[in-house]
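This report looks at salt bridges and their surroundings. The sequence and structure come first.

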Amino acid sequence: MAMNVEAEIRDLKRRVGELEGSFGFLTRQIKGVHKDLLAFHAKTEQRFDAIDGKFAAVDGRFDKVEGRLGRLETGVRKLREEMPGIVGDAVRTVMRARNGRPRKAL
């Protein structure tokens, strides 16, 4: 009986040693992957920050263009409102010059 117990203890120690070795190997592998992931994350953050900075500059330019387009739109709306009066004044001026006298009022 004593031989079987000693053999089982040796077998258990061997198996525990194998498990510890496998665990140590996996631990080293996971640490290496973790370092690589941290480096990749830092590099990716730097790239996104660089891209974000470029987009911020582009956004500023778009804001300027948007402001200019807003002013242009306001000017066109005013012109559209004032156009009948401008055309009417021009036609009256031409008619007066042609006839030499003002047009009769209704």
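## Arg14 and Asp11

Arg14 is partly exposed, at a relative accessible area of 44%. The model is predicted. Asp11 is also partly exposed. Its relative accessible area is 29%.

Arg14 and Asp11 form a salt bridge. Their closest N and O atoms lie 2.5 Å apart. Both residues sit in helix H1, which covers residues 2-99. They are three residues apart there, so about one helical turn separates them.

Asp11 and Arg15 are four residues apart in helix H1, which puts about one helical turn between them. Arg15 is partly exposed, with 46% relative accessibility.

## Arg77 and Glu73

Another salt bridge joins Arg77 to Glu73. The closest N and O atoms are 2.8 Å apart. Arg77 and Glu73 are four residues apart in helix H1, so the separation is about one helical turn. Glu73 is partly exposed, at 42% relative accessibility.

## Total

How many salt bridges does the count give? The count comes to five.

How values were computed. Residues are numbered from 1 along each chain as its sequence is written. This is a predicted model: local features need pLDDT of at least 70, side-chain atom pairs count only at pLDDT 80 or more; totals for chains, interfaces and linings use all residues. Side-chain values use heavy atoms; hydrogens and water are left out. A salt bridge is a side-chain nitrogen of Lys or Arg within 4 Å of a carboxyl oxygen of Asp or Glu. Helices (H or I, at least four residues) and strands (E, at least two) are DSSP runs, numbered from the N terminus. Buried means under 20% relative accessible area, exposed over 50%, partly exposed in between (1.4 Å probe, protein chains only).
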